[in-house]
Amino acid sequence: MAPPPSIRIHVTQGDITRQQVSAIVNAANSSLLGGGGVDGAIHRAGGPQVLEECRAIRARQGGCKTGEAVITTGGRLPAAHVIHTVGPVWNGGHKGEPALLANCYRNSLRIAEEHQLESVAFPGISTGIYGYPKKEAAAVAVHEVQQWLAAHAFPQQVVFVAFDDENRRLYEEALDG
Ligand code: AR6
C-alpha cells in the first residue's frame, strides 16, 4: 500500500530548474517552442536538447493543446525529464478554465505514472503570464494531486514549487484546508 497522499506532497519555494526530482513540469504554450516565465527558465537551464525534442513532438503532433501534456528529456537540468503542459489563459473563470487547469495536472501525473517516475515538481501553472488567480489555481492543483495520489502509486512524491512567499502560503493553506 502506498503511504497516504499527505506525506507524499511537499511545498518548497524557489527555482524549479534547481529541483532534484525525476521530472519538472513546464508551464508551456501550445507551440512548445519556449517563451517567457518558467518556460524560458527551463529551456535556458535545460539547453538545446529540450527544444530539439519539443520540435520533434511538434512536427509529429502539431504542438500541445491546452490541458494536455508531453514529455521530453531534462537535458542539462538536474531533473531527467520535463513534462510540458499548456495551462489555460484566465478569461474570467467561465470559459472552462478550472477544468482545463485540472486536466494539466491529471495529464502530467498520468505521464509520470506511465514512466514510473518517482518524483514530480509542479510550478503554479497559468498563474503568471496566463493570469489565473493564484489562490484558485492552488486549490485546483492541490485537489487534483491529492485525488491522483489517493488512487495511484506513481509518482511517489509531488513537490509544489512556489516562486514567491504568497504562493507558498497559498499552497500550505490549500493543503491544510
Ligand atoms: N521556478 C518556479 N516557478 C517559476 C519560475 C521558476 N524559475 N519562473 C516563474 N515561475 P508563467 P503561465 C512561476 O508566466 O502563467 C510562457 O511564456 C511564476 O511566478 O511562467 O502558465 C509560456 O511560453 C508563476 O507563478 O506561466 C506561455 O506562453 C508560474 O511560475 C506562458 O508563459 C507560472 O508563470 C504561460 O503562462
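Predicted model: local features only at pLDDT ≥ 70, side-chain atom pairs only at ≥ 80, totals over all residues.
Where does proline 155 lie? Proline 155 sits in the loop between α4 and β6.

**Two backbone details**

A cis peptide bond joins phenylalanine 154 and proline 155, with omega at about -5°. Another detail belongs to leucine 32, a residue other than glycine whose phi is positive, near 65°. Leucine 32 is found in the loop between β2 and α1. For background, most residues other than glycine have a negative phi, and most peptide bonds are trans.

**The sheet**

Let us turn to the strands. Six of them form an open sheet with mixed pairing, and their order is β1-β6-β5-β2-β4-β3. The edges are taken by β1 (9–13) and β3 (69–73), each of which pairs on one side only. From one strand to the next, the twist averages 25°.

What is the sense in which β1 and β6 pair, and over how many bridges? Strand β6 (residues 157–162) and β1 pair in the parallel sense, over five bridges. Within this pairing, threonine 12 has valine 161 of β6 as its bridge partner. Helix α5 (residues 165–176) lies across both β1 and β6, and runs at about 165° to β1.

**Helices that pack together**

Two packed helices are described by the angle between their axes and the distance between the axes.

| Helix pair | Angle between axes | Distance between axes |
|---|---|---|
| α3 (residues 97–114) and α4 (residues 134–151) | about 40° | 9 Å |
| α4 and α5 | about 45° | 9 Å |

Why is α3 called oblique to α4? Helices α3 and α4 pack at an angle of about 40°, and that angle makes α3 oblique to α4. The crossing of α3 past α4 is right-handed. On the α3 side, the residues that meet α4 are Pro98, Leu101, Ala102, Tyr105, Arg106 and Leu109. Their counterparts in α4 are Ala137, Val140, Ala141, Glu144, Val145 and Trp148. By kind, the residues of the contact of α3 with α4 divide into 10 nonpolar, no polar and two charged.

Now for the other pair. Helices α4 and α5 pack at an angle of about 45°, with their axes 9 Å apart, and this makes α4 oblique to α5. Helix α4 passes α5 in a right-handed crossing. From α4, the contact with α5 is made by Lys134, Lys135, Ala138, Ala139 and Val142. From α5, Glu166, Asn167, Leu170, Tyr171, Ala174 and Leu175 take part. The residues of the contact of α4 with α5 divide into seven nonpolar, one polar and three charged.

**Around the ligand**

Our last stop is the ligand. How many residues surround the ligand? There are 24 of them, and the closest are Ala27, Asn29, Gly35, Gly37 and Gly128. Both β2 (23–28) and α1 (37–46) supply at least two residues each to the shell around the ligand. Which element gives the most to this shell? That is α1, with four residues. Sorted by kind, the shell around the ligand has 11 nonpolar residues, 11 polar and two charged.

Terms used
Residues numbered from 1 in each chain as written. Near = placed C-beta within 6 Å. Nonpolar A, V, L, I, M, F, W, Y, C, P; charged D, E, K, R; others polar. Axes fitted to C-alpha atoms, helices over the stretch in contact; angles between N-to-C directions. Parallel < 35°, antiparallel > 145°, perpendicular 65-115°, else oblique. Left-handed = near helix turned anticlockwise from the far one by under 90°. Contact = placed C-beta atoms within 7 Å. Pairing = 2+ DSSP bridges.
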